[in-house]
Amino acid sequence: MTWLTSVLENLTTVPAVERELQRGTENGYPYLENELKAIETGQIPLEESAPEQLEQAYPTIRDQLDLGEAEAFVVADRTGGTLVTDDGAARDLASTYEIDLTGSIGILVHGVVREKLTVETADSWLTTWIDECSYYAPVESVSDVLPDEYTPE
């Protein structure tokens, strides 16, 4: 089990995202290898029909989103799943279709709530994303968006 699969239930991915992960590992991001291996072993199922579903049922979506977001959008809409993305256009479109959403900060929150990550570690990761990847975060700390009912053990 990868950290990501321990935090998100029923995680599924699409071919375009798998290719993005492959490119990421080739470009020097070895931490993505764990998720690729999880896809290869079936721990993270790959919805291979997403490209076909995109072209047949959602032809205009492809023009509005990057391919990874577009394929993931289709799967989330078809299955009633949650779209995981930080892409603004994908989030706006998902809201229009009433698709549940989460993003990178939401994943950190899930990790903290499920006790797979401390707030301190989540904040450290968030700081790294901001400083090293120019990630835009609407909060300074994951604790700013933890559910009210969350109480650390």
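Predicted model: local features only at pLDDT ≥ 70, side-chain atom pairs only at ≥ 80, totals over all residues.
**Entry 1: Ser141**

Setting aside neighbours within four places in sequence, I found Ser141 in contact with Val119, Asp123 and Leu126. I located Ser141 in the segment after H9.

Next I looked up the polar contacts of the Ser141 side chain. One of 2.8 Å joins it to the side chain of Asp123. Another, of 2.7 Å, links the side chain of Ser141 to that of Ser143.

**Entry 2: Val142**

I turned to Val142 and again left aside neighbours within four places in sequence. Val142 is in contact with Leu108, Val109, Val112, Ala122, Asp123 and Leu126.

**Entry 3: Nonpolar cores**

Which residues have the most contacts inside the largest nonpolar core? I listed Ile105, Leu108, Val112, Ala122, Leu126, Val142 and Leu146, in a core of 14 residues. Helix H8 (104-113) and helix H9 (119-133) each supply at least two residues of this core. H8 gives the most, with 4 residues.

I also recorded a second, separate core of 13 residues, with Tyr58, Ala70, Val74 and Ala94 among them. As general background, nonpolar side chains in soluble globular proteins tend to be buried together.

Notes
Residues numbered from 1 in each chain as written. Heavy atoms only, no water. Core = buried A, V, L, I, M, F, W, Y, C linked by side-chain atoms within 4.5 Å. Buried < 20%, exposed > 50% of the residue type's maximum accessible area, 1.4 Å probe, protein only. Contact = heavy atoms within 4.5 Å. Polar contact = N/O pair within 3.5 Å; in protein donor to acceptor, adjacent residues only side chain to side chain.
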